[in-house]
Amino acid sequence: MHIAVFDDNIADRKQMERLLRRQSDRYQKEGKEHFYIDLYGNIQALMRFPQLYDIIFIDMAEPESEDSRYRNGIDVARILFEAGGIKNVVMCSGKHDYKVLAKEEGLYDKLLFLEKAIKVKDLEAMLTECETRLGDPVPTLELRGEKETFYATQDDIVCAEMIGEHQLTVYFTEGRQLDVITDIYNLYEQCEIFDSICPISQNALINVHHIKDEGFGWVLMDNDRKVKVAFAYRGNIKEIRRRLAAKAKAEERK
(Lines give C-alpha, C1' and ligand atoms only; values in the text may rest on other atoms or scores of the structure.)
Protein backbone atom coordinates (compact mmCIF):
# COMPACT_ATOMS: atom_id res chain seq x y z
CA MET A 1 0.00 0.00 0.00
CA HIS A 2 1.37 3.42 -0.96
CA ILE A 3 0.81 6.18 1.58
CA ALA A 4 1.63 9.89 1.50
CA VAL A 5 1.77 12.12 4.56
CA PHE A 6 1.42 15.84 3.86
CA ASP A 7 1.92 18.02 6.93
CA ASP A 8 3.60 21.40 7.29
CA ASN A 9 4.79 20.43 10.77
CA ILE A 10 7.90 18.27 10.47
CA ALA A 11 7.46 16.76 13.94
CA ASP A 12 3.93 15.67 13.08
CA ARG A 13 5.16 14.17 9.78
CA LYS A 14 7.78 12.13 11.57
CA GLN A 15 5.34 10.99 14.25
CA MET A 16 2.86 9.81 11.61
CA GLU A 17 5.68 8.00 9.81
CA ARG A 18 6.60 6.16 13.02
CA LEU A 19 3.00 5.12 13.62
CA LEU A 20 2.57 3.93 10.04
CA ARG A 21 5.82 1.94 10.06
CA ARG A 22 4.69 0.10 13.19
CA GLN A 23 1.41 -0.73 11.47
CA SER A 24 3.33 -1.82 8.37
CA ASP A 25 5.39 -4.24 10.46
CA ARG A 26 2.17 -5.68 11.90
CA TYR A 27 0.67 -6.04 8.41
CA GLN A 28 3.74 -7.93 7.17
CA LYS A 29 3.54 -10.37 10.09
CA GLU A 30 -0.06 -11.02 9.05
CA GLY A 31 1.06 -11.75 5.48
CA LYS A 32 -0.25 -8.48 4.04
CA GLU A 33 1.50 -6.02 1.76
CA HIS A 34 3.68 -3.58 3.68
CA PHE A 35 3.47 0.20 3.38
CA TYR A 36 5.52 2.46 1.11
CA ILE A 37 5.52 5.81 2.91
CA ASP A 38 6.48 9.21 1.49
CA LEU A 39 6.52 12.43 3.53
CA TYR A 40 5.76 15.87 2.12
CA GLY A 41 5.89 19.37 3.51
CA ASN A 42 5.56 21.03 0.13
CA ILE A 43 2.39 21.06 -1.96
CA GLN A 44 4.18 21.17 -5.31
CA ALA A 45 6.16 18.03 -4.44
CA LEU A 46 2.99 16.17 -3.39
CA MET A 47 1.26 17.13 -6.64
CA ARG A 48 3.87 15.51 -8.89
CA PHE A 49 2.35 12.01 -8.65
CA PRO A 50 -0.60 12.09 -6.22
CA GLN A 51 -2.48 9.33 -8.06
CA LEU A 52 0.23 6.90 -6.98
CA TYR A 53 -1.05 6.82 -3.41
CA ASP A 54 -3.73 4.61 -1.92
CA ILE A 55 -4.03 6.93 1.10
CA ILE A 56 -3.02 10.56 1.57
CA PHE A 57 -2.98 11.98 5.12
CA ILE A 58 -3.26 15.78 5.19
CA ASP A 59 -2.89 18.58 7.70
CA MET A 60 -1.76 22.12 7.06
CA ALA A 61 -1.76 24.54 9.98
CA GLU A 62 -0.51 27.69 8.26
CA PRO A 63 -0.84 29.16 4.73
CA GLU A 64 2.21 28.67 2.52
CA SER A 65 2.41 32.46 2.08
CA GLU A 66 0.28 35.53 2.68
CA ASP A 67 -1.18 35.49 -0.83
CA SER A 68 -1.29 31.69 -1.17
CA ARG A 69 -4.52 30.01 -2.25
CA TYR A 70 -3.54 27.15 0.07
CA ARG A 71 -4.92 28.36 3.39
CA ASN A 72 -5.26 24.97 5.07
CA GLY A 73 -5.51 21.26 4.34
CA ILE A 74 -8.94 21.54 2.72
CA ASP A 75 -7.42 23.60 -0.09
CA VAL A 76 -4.83 20.85 -0.59
CA ALA A 77 -7.59 18.20 -0.69
CA ARG A 78 -9.51 20.24 -3.28
CA ILE A 79 -6.61 20.41 -5.74
CA LEU A 80 -6.01 16.69 -5.26
CA PHE A 81 -9.58 15.91 -6.28
CA GLU A 82 -9.25 18.32 -9.19
CA ALA A 83 -6.23 16.31 -10.36
CA GLY A 84 -8.41 13.17 -10.46
CA GLY A 85 -7.68 9.54 -9.70
CA ILE A 86 -7.37 10.12 -5.96
CA LYS A 87 -8.42 7.28 -3.65
CA ASN A 88 -8.50 7.91 0.11
CA VAL A 89 -7.83 11.39 1.55
CA VAL A 90 -7.69 11.57 5.34
CA MET A 91 -7.82 14.96 7.04
CA CYS A 92 -5.91 15.04 10.35
CA SER A 93 -7.51 17.74 12.48
CA GLY A 94 -5.25 19.68 14.81
CA LYS A 95 -5.44 23.47 14.61
CA HIS A 96 -8.31 23.29 12.10
CA ASP A 97 -11.59 21.43 12.48
CA TYR A 98 -11.64 19.80 9.07
CA LYS A 99 -15.09 18.30 9.49
CA VAL A 100 -16.57 21.80 9.76
CA LEU A 101 -14.42 23.19 6.92
CA ALA A 102 -15.21 20.23 4.69
CA LYS A 103 -18.96 20.73 5.16
CA GLU A 104 -18.59 24.42 4.31
CA GLU A 105 -16.67 23.54 1.12
CA GLY A 106 -18.95 20.67 0.06
CA LEU A 107 -16.19 18.08 0.40
CA TYR A 108 -17.35 16.25 3.52
CA ASP A 109 -18.57 13.10 1.75
CA LYS A 110 -15.30 12.74 -0.16
CA LEU A 111 -13.03 12.82 2.88
CA LEU A 112 -12.10 10.76 5.93
CA PHE A 113 -11.13 12.32 9.26
CA LEU A 114 -8.69 11.70 12.14
CA GLU A 115 -8.22 13.79 15.26
CA LYS A 116 -4.76 14.76 16.46
CA ALA A 117 -3.01 13.60 18.58
CA ILE A 118 -3.50 10.41 16.57
CA LYS A 119 -4.16 7.29 18.63
CA VAL A 120 -3.00 3.88 17.46
CA LYS A 121 -6.49 2.34 17.63
CA ASP A 122 -7.94 5.22 15.58
CA LEU A 123 -5.21 4.86 12.96
CA GLU A 124 -5.79 1.10 12.79
CA ALA A 125 -9.52 1.67 12.24
CA MET A 126 -8.79 4.25 9.53
CA LEU A 127 -6.41 1.92 7.69
CA THR A 128 -9.03 -0.83 7.79
CA GLU A 129 -11.64 1.56 6.39
CA CYS A 130 -9.28 2.60 3.58
CA GLU A 131 -8.51 -1.04 2.77
CA THR A 132 -12.24 -1.74 2.51
CA ARG A 133 -12.68 1.18 0.14
CA LEU A 134 -9.75 0.04 -2.00
CA GLY A 135 -10.99 -3.52 -2.25
CA ASP A 136 -8.39 -6.16 -3.11
CA PRO A 137 -5.33 -4.10 -4.09
CA VAL A 138 -2.98 -5.14 -6.86
CA PRO A 139 0.38 -6.03 -5.22
CA THR A 140 2.99 -3.46 -6.21
CA LEU A 141 6.76 -3.46 -5.75
CA GLU A 142 8.74 -0.26 -5.28
CA LEU A 143 12.12 -0.35 -7.02
CA ARG A 144 14.47 2.57 -6.50
CA GLY A 145 17.23 3.38 -8.93
CA GLU A 146 19.79 6.15 -8.64
CA LYS A 147 17.53 8.74 -10.29
CA GLU A 148 14.18 6.98 -10.78
CA THR A 149 11.69 4.97 -8.79
CA PHE A 150 9.45 2.41 -10.49
CA TYR A 151 6.26 1.01 -8.98
CA ALA A 152 5.80 -2.34 -10.67
CA THR A 153 3.00 -4.87 -10.66
CA GLN A 154 3.78 -8.52 -11.35
CA ASP A 155 2.99 -8.23 -15.06
CA ASP A 156 5.30 -5.19 -15.42
CA ILE A 157 8.44 -7.20 -14.64
CA VAL A 158 9.95 -9.26 -17.49
CA CYS A 159 13.31 -10.31 -16.01
CA ALA A 160 16.34 -9.12 -14.05
CA GLU A 161 20.07 -9.80 -14.48
CA MET A 162 23.15 -8.96 -12.46
CA ILE A 163 25.45 -6.48 -14.23
CA GLY A 164 28.07 -6.13 -11.49
CA GLU A 165 28.69 -6.75 -7.81
CA HIS A 166 25.52 -5.74 -5.91
CA GLN A 167 24.07 -4.17 -9.04
CA LEU A 168 21.44 -5.50 -11.41
CA THR A 169 19.15 -4.35 -14.19
CA VAL A 170 15.43 -4.98 -14.02
CA TYR A 171 13.71 -5.16 -17.41
CA PHE A 172 10.07 -4.11 -17.63
CA THR A 173 7.41 -4.16 -20.30
CA GLU A 174 7.33 -1.40 -22.92
CA GLY A 175 11.12 -1.43 -23.18
CA ARG A 176 11.71 0.13 -19.77
CA GLN A 177 14.63 -0.81 -17.53
CA LEU A 178 16.08 0.26 -14.19
CA ASP A 179 19.52 -0.27 -12.61
CA VAL A 180 19.19 -1.14 -8.93
CA ILE A 181 21.81 -1.48 -6.19
CA THR A 182 20.99 -4.94 -4.80
CA ASP A 183 21.44 -8.58 -5.76
CA ILE A 184 19.20 -11.34 -7.11
CA TYR A 185 18.56 -12.83 -3.68
CA ASN A 186 17.29 -9.56 -2.21
CA LEU A 187 15.22 -8.80 -5.29
CA TYR A 188 13.65 -12.25 -5.20
CA GLU A 189 12.69 -11.71 -1.53
CA GLN A 190 10.99 -8.47 -2.50
CA CYS A 191 9.17 -10.31 -5.28
CA GLU A 192 7.60 -12.79 -2.86
CA ILE A 193 4.36 -10.81 -3.20
CA PHE A 194 4.22 -12.13 -6.78
CA ASP A 195 3.65 -15.75 -7.84
CA SER A 196 5.18 -15.88 -11.34
CA ILE A 197 8.71 -14.65 -10.54
CA CYS A 198 11.30 -17.42 -10.87
CA PRO A 199 15.05 -17.46 -10.10
CA ILE A 200 16.95 -19.24 -12.89
CA SER A 201 20.52 -18.71 -11.69
CA GLN A 202 22.51 -16.84 -9.07
CA ASN A 203 22.55 -13.93 -11.50
CA ALA A 204 19.04 -13.79 -12.98
CA LEU A 205 15.34 -14.16 -12.40
CA ILE A 206 12.43 -14.09 -14.81
CA ASN A 207 8.66 -13.76 -14.94
CA VAL A 208 7.35 -17.02 -16.43
CA HIS A 209 4.39 -15.15 -17.92
CA HIS A 210 6.83 -13.37 -20.24
CA ILE A 211 8.64 -16.44 -21.62
CA LYS A 212 8.54 -16.40 -25.42
CA ASP A 213 10.60 -19.53 -26.10
CA GLU A 214 12.93 -21.84 -24.22
CA GLY A 215 15.52 -24.53 -24.76
CA PHE A 216 18.18 -26.45 -22.87
CA GLY A 217 19.99 -23.94 -20.66
CA TRP A 218 18.18 -20.80 -21.82
CA VAL A 219 14.90 -18.90 -22.04
CA LEU A 220 13.93 -16.20 -24.52
CA MET A 221 11.77 -13.50 -22.97
CA ASP A 222 9.13 -11.55 -24.88
CA ASN A 223 11.40 -8.49 -24.82
CA ASP A 224 13.83 -10.66 -26.88
CA ARG A 225 16.37 -11.00 -24.05
CA LYS A 226 17.92 -14.47 -23.97
CA VAL A 227 18.78 -15.46 -20.40
CA LYS A 228 20.87 -18.43 -19.26
CA VAL A 229 19.27 -21.03 -16.96
CA ALA A 230 21.73 -22.63 -14.55
CA PHE A 231 21.67 -26.43 -14.29
CA ALA A 232 20.84 -26.37 -10.57
CA TYR A 233 17.83 -24.11 -11.25
CA ARG A 234 16.43 -25.99 -14.24
CA GLY A 235 13.38 -27.30 -12.37
CA ASN A 236 12.25 -23.91 -11.06
CA ILE A 237 10.26 -22.86 -14.12
CA LYS A 238 8.34 -26.13 -14.14
CA GLU A 239 7.57 -25.80 -10.43
CA ILE A 240 6.32 -22.19 -10.78
CA ARG A 241 4.09 -23.24 -13.66
CA ARG A 242 2.73 -26.12 -11.58
CA ARG A 243 1.86 -23.73 -8.74
CA LEU A 244 0.20 -21.27 -11.09
CA ALA A 245 -1.88 -24.05 -12.67
CA ALA A 246 -2.95 -25.32 -9.24
CA LYS A 247 -3.90 -21.81 -8.17
CA ALA A 248 -5.93 -21.23 -11.34
CA LYS A 249 -7.72 -24.56 -10.85
CA ALA A 250 -8.55 -23.73 -7.26
CA GLU A 251 -9.97 -20.35 -8.27
CA GLU A 252 -12.15 -22.03 -10.90
CA ARG A 253 -13.69 -24.21 -8.21
CA LYS A 254 -14.74 -21.22 -6.11
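The model is predicted, so local features are given where pLDDT is at least 70, side-chain atom pairs count only at pLDDT 80 or more, and totals for chains, interfaces and linings use all residues. Residues are numbered from 1 along each chain as its sequence is written, and side-chain values use heavy atoms, with hydrogens and water left out.

## Overall make-up

The protein has seven helices and 15 strands. These are DSSP runs numbered from the N terminus, with helices being H or I of at least four residues and strands being E of at least two. Along the principal axes, the C-alpha atoms fill a box of roughly 70 × 45 × 30 Å. Of the 254 residues, 44% count as buried. Buried means under 20% relative accessible area, exposed means over 50%, and partly exposed lies in between, with a 1.4 Å probe and protein chains only.

The accessible surface comes to about 14,300 Å², and 47% of this surface belongs to carbon and sulfur atoms. Accessible areas come from the Shrake-Rupley method with a 1.4 Å probe, and for residues only the protein chains shown count as cover. Among contacts between residues at least 6 apart in sequence, 56% join residues at least 24 apart. Contact means heavy atoms within 4.5 Å.

Helix α1 has 20 residues and should span 28 Å at 1.5 Å a residue; its end C-alpha atoms are 29 Å apart, which agrees. The expected span is 1.5 Å times one less than the number of residues. The buried residues of α1 are R13, M16, E17, L19, L20, Q23, S24 and Y27. Their cover includes β1, β2 (36-40), β3, β4 and α5.

L20 belongs to α1 and is buried, with a relative accessible area of 0%. Leaving aside neighbours within four places in sequence, L20 is in contact with I3, V5, F35, I37, F57, L123 and L127. L20 and E124 are 104 residues apart along the chain, and their C-alpha atoms are separated by 9.2 Å.

Helix α5 covers residues 120-134, and its 15 residues reach 21 Å from first C-alpha to last, close to the 21 Å expected. L123, M126, L127 and C130 are the buried residues of α5. Seen down the helix axis, these residues fall within an arc of 100°, so they line one face of α5. The arc is that of the directions from the helix axis to the C-beta atoms. They pack against β1 (2-7), α1 (10-29), β3 (55-59), β4 (88-93) and β5 (112-115). On the face turned away from the buried side, α5 carries the exposed residues K121 and T132.

G135 follows α5 and has a positive phi, near 75°. In the loop between β5 and α5 lies A117. The peptide bond from K116 to A117 is cis, with omega near -5°.

Q190 is in helix α6 (residues 184-190). Q190 is partly exposed, at 33% relative accessible area, and touches L141, E142 and L143, not counting residues up to four places away in sequence.

I240 is in helix α7 (residues 236-253) and is buried, with a relative accessible area of 6%. Leaving aside neighbours within four places in sequence, I240 is in contact with D195, S196, I197, C198 and V208.

E174 and D224 have positive phi values in residues other than glycine. E174 lies in the loop between β9 (167-172) and β10 (177-180), and D224 in the loop between β14 (218-221) and β15 (226-228).

| Residue | Phi | Relative accessible area | Class |
|---|---|---|---|
| E174 | near 60° | 75% | exposed |
| D224 | near 70° | 51% | exposed |
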